[in-house]
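Please open the structure in a viewer and keep the selection tool at hand.

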Amino acid sequence: MTQFWTRIIVALTVLLGVNYIAWRWMASLNWDAWWIAVPLVAAETYSLIDVMLFGLTVWNLKLRKPPPRAPDDATVDVFITTYDEPLDLVMTTAQAAKNIGHPHSTWILDDGDRAEMRQLAEANGIGYVTRGEDWANMPRHAKAGNLNNALMITQGEFLLILDADQVPEPKILERTLGYFNNSRVALVQTPQYFINVPDDDPLGSQAPLFYGPIQQGKDGWNAAFFCGSNALLRREALMQLGLVGYVKETERNVRRALAASRSALKKARRSADAGNPLVAQMLDDVEAATDEGRRQLDAGFSLSEITYRVGRQVDQAVRTLVEADFSALQADLEEIATMELASVGEAGVPVVAGDAVERMSGRAWSPLGALESVHALLDAISVERNKEAQPVMPLATISVTEDMATAMRLHALGWQSVYHHEILAYGLAPEDLKTMLTQRLRWAQGTIQVMLRENPLVQRGLSWGQRLMYFSTMWSYLSGFTAVVYFAAPIIYLVLGILPVSSLSPDFFSRFIPFMVANQLLFQVAGHGIKTWRGQQYSLALFPTWIKACTTAARNVWFGRPLGFAVTPKARQSGGPSWSLIQPQITVAALLVLALVVGVARLAAGLSEPIGTLVNVGWVVFDLAVMSILLRAATYRGFVPEERKADAV
Amino acid sequence: MQFSYELKDSYAEVKGAGRLNMVSAPKLREVVAEVVAGGASRVVVNLEDTVFMDSSGLGALIGCLKAARQAGGDLRISGVQAQVKMVLELTNMDRVLTSYPTAEAAFGDD
C-alpha cells in the first residue's frame with residue numbers, strides 16, 4: 001500500500017519537475033543576464049535529476065522479512081579494523097565481538113602494529129593480525145590493504161567487518177547469517193548507528209534517510225551498498241573478485257607492455273652501443289620474442305604461457321650475449337698469456353668459471369639491465385605483480401573508500417547484496433566539527449574517485465537499475481557547485497535587481513510551487529516520518545567540502561596528485577569553537593544578510609518590485625536557516641550523556 | 001657513466017662513477033686506449049664509485065688489461081665495491097686482476 005502511494009508521488013514529482021524545468025529552459029530564461037540565468041537553470045536541472053534518482057531509489061523499496069536460520073557449521077571471522085584508536089576502545093569492541101552468539105573467531109586487524117595491542121589481544125584470547133614483511137615499501141592501501149592482508153591469513157567462510165568503535169550485539173550473526181543460505185548473496189549490510197549523538201544531532205552524524213529508505217530502495221534494485229563496517233561478506237565472492245581483478249590487471253599490463261615493446265626497443269637501440277653486432281643481435285632477438293608474444297596474445301594464448309615463452313627467449317638472447325662477452329674475454333686472456341712480457345699466473349691461462357655464465361645472465365646482473373627501457377618492458381611482461389604486496393587484492397584499492405568500489409565490482413560479477421534494516425552495532429560518531437568535516441571529505445573524495453575511475457554507467461555486468469543506484473550517490477556529491485548558484489542568485493537580485501528569470505509571472509508560480517510541494521511530499525512519504533531536515537541542511541551547508549572533494553579527487557585520478565588523505569580520528573579534537581573551518585560559509589552568510597538589508601532598502605526606495613523582493617527574501621531566509629546548523633556545529637562541545645547532565649544540575 | 005683520467009707520477013688513473021655495463025663498457029675501452037696511446041701504459045682503473053659491473057664491463061676490463069700489456073705496461077684495479085668483487089670472484093678473474101685498496105697502492109711496489 002505504501003509502495004503504491006510512494007510510486008504515485010514519485011510519478012507526480014517527476015511529471016511536475018519536468019513540466020517546470022522544461023518551461024524554465026524554453027520560456028523563462030533572462031538572456032540579458034545569461035551569466036546567472038544559465039547557471040541557475042543548470043543548477044535546477046541538476047536538482048531535478050537528483051530528485052528523479054531519489055524517486056527511482058524509493059520506487060523499489062524492499063522491506064525484508066527475517067532471514068532463515070543459518071547452518072550451525074557456517075564458519076565466520078569477525079574482523080575489527082584499527083589504526084590508532086585507543087586500546088580500550090578497540091578492546092571493548094573486541095570483547096563484544098567475542099561474545100557474539102554464532103561460533104566464530106575474532107581478530108583485531110591492527111594497522112598500527114602496536115605491541116600493547118598485540119599483548120592485550122593475546123591475553124584475552126583474541127586473534128591479532130598486522131601487516132607482514134611483504135608490505136614493506138609497497139603501497140599499503142589503507143583499510144582495504146589491512147583487510148586484504150587479513151583475508152590471506154584467516155579461513156572463515158564469512159567475514160563480519162567492524163570498525164574499531166562499532167560494538168556489536170551478541171545476536172548480530174544469528175540475525176544476518178541466514179541470508180547467505182542463498183548462495184548468490186555476497187554482502188549483508190546493517191545500519192551504522194551512533195550512541196554518542198544527542199537528539200538534535202548537531203553534526204548530522206546519523207543518516208536515517210540513508211540507512212532507511214535509500215538503502216532499502218537500493219536493495220530493491222539489488223544494489224545495497226557496502227559501507228565498510230557492520231557488514232558481512234562471503235569470502236568466496238571476495239576471492240573471486242581478487243582473482244578476476246588480478247587476471248584483468250595482468251592482462252592489461254602485459255598487453256600494454258607488448259604494445260609498447262617496439263618503441264622501447266627503438267629507444268634501447270639508440271642508447272646502446274649501436275655498432276656492437278652482438279648487442280644489436282640481442283635486441284633483435286628480444287624484438288622477435290615480443291612480436292611473437294603479441295601475436296600469441298591476439299590468438300588467445302594464456303598469459304602464463306606467453307610470459308613464460310617471452311621470458312625464456314629473452315633469457316636465451318641474454319645468455320648468448322654473456323657467452324660472447326666471455327669468449328672474447330677468454331681470447332684476450334690467451335693473447336695476454338702468449339705475450340712474453342708478462343705472465344698472468346702460475347697455472348697456465350686462467351679460465352672463466354663455468355657456472356659464471358648462468359649467474360651473469362640472471363635477472364640481477366644481466367647486461368640487459370643497462371637498457372632501462374627494455375628492462376622495464378620485460379618487468380611488465382610478467383605475471384607477478386611486482387608493485388604490490390600481494391598479487392590478489394580482494395578488496396578494491398582504487399579509492400580511499402574501498403567499500404563502494406568493492407560492492408560495485410561484486411554486483412558486476414553477478415553477486416547479490418542485502419540490506420538488513422535493524423541496528424545490530426553501536427558506534428561512535430565524531431564529536432567535533434573538524435573531525436566530522438574530515439570524514440565527510442573522505443567519503444566524498446572516495447565516491448568521486450570511483451565515479452572517475454569506474455563510472456558505474458558504463459560498467460558491464462551491472463543492470464541499469466544498479467548503474468543508476470551507484471550513479472545516484474555519486475551525483476549527489478556534485479551538489480556543492482549548485483549550492484554556490486543557489487546562494488548567489490538571490491544575492492544578485494536583492495543587491496543588483498537582476499532577475500535570472502524573465503518574469504515572476506503566474507506562469508512561474510503555477511509550475512514551480514506544485515513541483516516543490518510534490519518534492520517535499522515525496523521526502524515525507526518515502527521517509528515515513530524520518531527527520532530529514534538535518535541531512536538537507538548539511539547537503540547544502542557543506543558545499544565547500546563537496547567542491548573540495550570533487551577538485552581533489554579529479555586531480556588525483558587525472559594527474560596522480562595526492563588527496564591529502566587523513567584517517568578519521570575517533571577521539572575528540574580539543575579546542576574552542578572552530579570558526580576557521582567554516583570561513584566560506586560565514587562569508588556567504590554575511591553576504592546573504594547584507595543582501596537582505598540592501599534588498600529591503602531598494603524596495604523602500606522604489607528600485608525593485610515587491611514580488612521579486614519577497615520571493616528572494618524568502619529564499620535568503622531559507623538559505624540562512626539551512627546554514628544556521630553550522631553555528632550549532634561549531635560551538636558543539638561534544639556529547640554529554642543524560643545522567644552526567646543530570647549530575648551537573 | 002662518464003670516465004675521466006689523470007696522469008700521476010708513475011701511472012695514469014682512470015675513474016668512472018656509476019654502472020660499468022653494456023652501455024658504458026665501450027667508453028672505458030676508448031678512454032684506456034687513449035691513455036695508452038698517449039704513452040702511459042701503467043694504468044689504474046679506480047672502481048671506488050663503480051657500483052655495478054656486468055659481463056660486458058668485465059670483458060672491457062680484460063680488454064684494457066690486454067691493451068696495457070701489449071704496450072708494455074699493466075692494468076690494475078682499486079677500490080672494488082661489493083657487487084664488482086662478487087663478479088670477479090665468481091668468474092675467477094680475481095686471479096687475473098688483483099684489486100688494491102687505493103689507486104696509490106696499486107703500483108706502490110714497483
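Begin inside chain A of this predicted model. Select A:Phe79, A:Ile80, A:Leu160 and A:Leu233: within the largest nonpolar core, which has 111 residues, these four touch the most other members. Next, colour helix H15 of chain A, residues 433-453; this helix supplies nine residues, the largest share of the core. Now mark two domains of chain A, domain 1 (2-56 + 474-648) and domain 2 (76-243 + 393-429). Both give residues to this core, so the core lies between them.

Return to A:Phe79 and display its surroundings. Leaving aside residues up to four places away in sequence, A:Phe79 touches A:Trp107, A:Leu109, A:Leu147, A:Ala150, A:Leu159, A:Leu160, A:Ile161 and A:Leu162. Apart from this core lies another, of 74 residues; to find it, select A:Val286, A:Val318, A:Phe326 and A:Ile381, which are among its members.

The next stop is a pair of helices. Select H9 (residues 261-271) and H10 (residues 277-298) of chain A, which pack at an angle of about 175° with their axes 10 Å apart. Because angles over 145 degrees count as roughly antiparallel, H9(A) is described as roughly antiparallel to H10(A). Show the side chains where they meet: H9(A) contributes A:Ser261, A:Leu265, A:Ala268 and A:Arg269, and H10(A) contributes A:Leu283, A:Val286, A:Glu287 and A:Thr290. By class, this contact has four nonpolar, two polar and two charged residues.

Finally, turn to chain B. How many residues of chain B are in contact with chain A? There are 23, and they meet 30 residues of chain A. Select helix H2 of chain B, residues 55-70, which provides 10 residues, the largest share of the side that touches chain A. Coloured by class, that side of chain B divides into eight nonpolar, nine polar and six charged residues.

Definitions and conventions: Residues numbered from 1 in each chain as written. Chains lettered and ligands numbered in written order. Predicted model: local features only at pLDDT ≥ 70, side-chain atom pairs only at ≥ 80, totals over all residues. Core = buried A, V, L, I, M, F, W, Y, C linked by C-beta atoms within 7 Å. Buried ≥ 20, exposed ≤ 12 C-beta atoms within 10 Å, placed from the backbone. Helix = DSSP H or I, 4+ residues; strand = E, 2+ residues; numbered from the N terminus. Domains from an automatic or database assignment. Contact = placed C-beta atoms within 7 Å. Nonpolar A, V, L, I, M, F, W, Y, C, P; charged D, E, K, R; others polar. Axes fitted to C-alpha atoms, helices over the stretch in contact; angles between N-to-C directions. Parallel < 35°, antiparallel > 145°, perpendicular 65-115°, else oblique.
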